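Cut-offs are given where a term is first used.

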Amino acid sequence: MKSKRTRNRCNTSVNRGKPCSYTAWLFSYIKERGIGMDKLQQGIDRMQEQKFEEAAKLFTDVIEENPGEPLGYINFGNLLLHMQEYERAERFFERAISLDDTAATAYYGLGNVYYEQDSFTKAQNQFLQAIEKGLDEADVYFLLGMSLVQQDYHKLALPYLSRAAEIDPNDVDIQFQFGLCLAQNEQFDEAERVLKALLDIVPEHADAFYNLGVICIYKEEAEAALDYFNEALKVQSDHMLAAHAKGEVEKALNGK
């Protein structure tokens, strides 16, 4: 089975292109604490527009005006994470946690810092903390599951990827990795169902076709496997894994 690293995800949705649970948590927190919203939202907007210097100034203002609140530090940490300044981002998230150890998105941000540096055990621990503190979002379950996958803990990863897939059934990365994890746990029928459903969302997903072919090999369905490998190559002519698998299946079918 082929596993791929996922794209970077940060909780201000710069890379997601849509709001995530951070936004809901943010409004709830602001309402509870009576914090002014304008500069914080402006900073998030500038960040999404890739205007990082303006975002940094606005988040700095938020920190100076509300030094005892974690939100400015969390958002500045997200900005630094997006800019791949991991050491500085780590310090901002840790400062946010020192101010409020219930700030779930600070743990989530810290988990992202570790995940992006391949420190998967440390990332796993932070994502677990974020969930325990109340963050119930597809991304945090997905990245927790992927942290476990990267450590070859496929059985432990499965319930978290399943939860992520349940929350966001249209997310291509989530559905693909969930299907892959099912296959790695030898739940081939369910993996096949998930990957076929993924092709309804993205009809030209070469890796989904390839992995469906691999599942067919495990199920001793060589002709069906060959069809899937051919479909993968139609979508991506340089898909080396599909090309190799196709050659091996053709040899087997020809008795060579």
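1. R46 is buried, at a relative accessible area of 18% (buried is under 20%, exposed over 50%, partly exposed in between, with a 1.4 Å probe and protein chains only). R46 forms a salt bridge with E49, with 2.9 Å between the closest N and O atoms (a side-chain nitrogen of Lys or Arg within 4 Å of a carboxyl oxygen of Asp or Glu). E49 is partly exposed at 39%.

2. This is a predicted model, in which local features need pLDDT of at least 70 and side-chain atom pairs count only at pLDDT 80 or more, while totals for chains, interfaces and linings use all residues. Residues are numbered from 1 along each chain as its sequence is written, and side-chain values use heavy atoms, leaving out hydrogens and water.

3. The protein chain has 14 helices and zero strands (DSSP runs, H or I of at least four residues for helices and E of at least two for strands, numbered from the N terminus). Of its 256 residues, 52% are buried.

4. Just after α6, D118 has a positive phi of about 65°.

5. The whole structure holds 14 salt bridges. One of them joins K39 and D61 at 3.7 Å, N to O. K39 sits in helix α2 and D61 in helix α3, 22 residues apart.
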